[in-house]
Amino acid sequence: MDFDHYQSETVRLADSNDTAHELVPMLGLGAHVGELLLAQQHYLSEALVAATSKGMVARELGMVLRWSALLAHVNGLSLNSIANRNLIKVDERARSLNFPGIGALPDQDAVLSLAEYAKLAAETDQEISAGVDPLSLSVPMLGLAGEVGTLLVEEKKRYRRDSTVDEWPSFVGIELGDLLWYAATVARHAGLALEEVAKRDLERAVRSSSLSSDDTEQKPSFDEGFPATEQVPRQLHLRFQERTANGQAVVTMTLLAATPNAFPGGPIPRGPDKFQGFKVGEVLGDEVTDNSRRIDAYRYHDAIHFGFLAVLGWSPNLRGLLQVKRKSNSVIDETEDGARAIFAEEGIAAILAKQATLSRQFEAPSLVPEDLLDLIALVVEDLEVSSLPYRMWREAISQGFTVMQQLNEAGGGYVLADLDARSLQYSKFPFSV
């Protein structure tokens, strides 16, 4: 992958706010270099976290490359030109110090791949050993911090109007070139390939990007092709009612309508004392309290699960409540609809409920932090829902929490989960379905 392609894709996938002002990528660069130093600090102080630290280095180095590409873009610079000029600079410096320098410098206008750049940059690395060595890895990390520090200090001076830099884009290009060299060196000494780091980060950017042609058409239902009795209805209409019992609020959830309804007469027998399906008009699941000494909206947390179901088409928890598990496929029944998947979903909901207090209850999809989505991706990596992009998770979380807050504020109400429209709606009055 060449620098031009990497930069163009990074810019294309970036949120418009990421490039609205130069300070955004500048601060992003500083933040993720800081995370790199934190990973190295963990590695140096904790003998048992080497593998974990390497993973953190790979991720944060990818983010450093991403913000470097965006900072170059907002200054009208080509990352490819920056890389080429940097090779000339480090070659001259190496030779001035009586080191061999670069054996064959590419033409100044050559289209460089990240792998080619990393290979050529390595020829000027004075720390010739590769691999995870504390000193060899620490030196280029400190260099990264120094380059970012120089950029940030000069940016501060520009705001105070006492900067002595006349050609700002040229200055940024030189500093970004040095930063690229240190990034390639960090990757090498961490046992990573710079180009693979960039590719992985682009994959993360694709998952996280708000760009989408049409998620509704792109992602089929997870129960498509299964018998109708094992499919979640495409529309679910529910009533949430709150009452007080023993001094605490208790919520019940009633299924008012389901379309299509494969169980018009209610659940059907599936063996001795076993049934499949649901009955419209009956309570769905058990009564729920806040399950906490602290009074909050968690008694309405089923809205979180309905957000998952409506937007992602996924909720092992609700599939269990509706009794539409995919029993015709024993592997799917065990791995996707079983206890482990249900526990994973409940765990995600609990973590989100805690994080929501710090993120304005996820009232907008953009308020869902990317590191939280990374954690969710790790939890569901072996489940079918792992194929869905971050943008859909953000939408599912935001819609679920918005409805949960609306239910809490009103003390109950009506909810419509529409899997075809990938939407979850609240109303104080019944929906016309």
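Which residue in β5 is the bridge partner of Q241? In this predicted model, that partner is G412.

- Four strands make up an open sheet in the order β2-β1-β5-β6, and their pairing is antiparallel.
- At the edges sit β2 (248-259) and β6 (423-427), each of which pairs on one side only.
- On average, and ignoring direction, neighbouring strands of this sheet are turned by 20 degrees against each other.

**Strand pairs**
- Strand β1 (residues 235-245) and strand β5 (residues 412-418) run antiparallel and are joined by seven bridges.
- β1 also pairs with β2 in the antiparallel sense, here over 11 bridges.
- For R243, the bridge partner in β2 is V250.
- β1 and β2 form a hairpin with two residues between them, and N246 in that turn has a positive phi of about 55 degrees.

**Helices on the sheet**

**Helix α1**
- In helix α1 (residues 3-13), the buried residues are F3, Y6, Q7, E9, T10 and L13.
- These residues lie on the same side of α1, because they cover an arc of only 165 degrees around the axis.
- The N-terminal end of α1 is capped by D2, with a side-chain oxygen 3.0 Å from the backbone nitrogen of D4.

**Backbone details to check in your viewer**
- T259 and P260 are joined by a cis peptide bond, with omega about -10 degrees; P260 is in the loop between β2 and β3 (268-271).
- R161 is not a glycine, yet its phi is positive, near 60 degrees. R161 is found in the loop between α6 (134-160) and α7 (168-189), and it is exposed, with a relative accessible area of 76%.
- F362, also not a glycine, has a positive phi of about 50 degrees. F362 is in the loop between α13 (339-356) and α14 (370-379), and it is buried, with a relative accessible area of 0%.

How values were computed:
Residues numbered from 1 in each chain as written. Predicted model: local features only at pLDDT ≥ 70, side-chain atom pairs only at ≥ 80, totals over all residues. Heavy atoms only, no water. Pairing = 2+ DSSP bridges. Axes fitted to C-alpha atoms, helices over the stretch in contact; angles between N-to-C directions. Buried < 20%, exposed > 50% of the residue type's maximum accessible area, 1.4 Å probe, protein only. Arc of directions from axis to C-beta. Polar contact = N/O pair within 3.5 Å; in protein donor to acceptor, adjacent residues only side chain to side chain.
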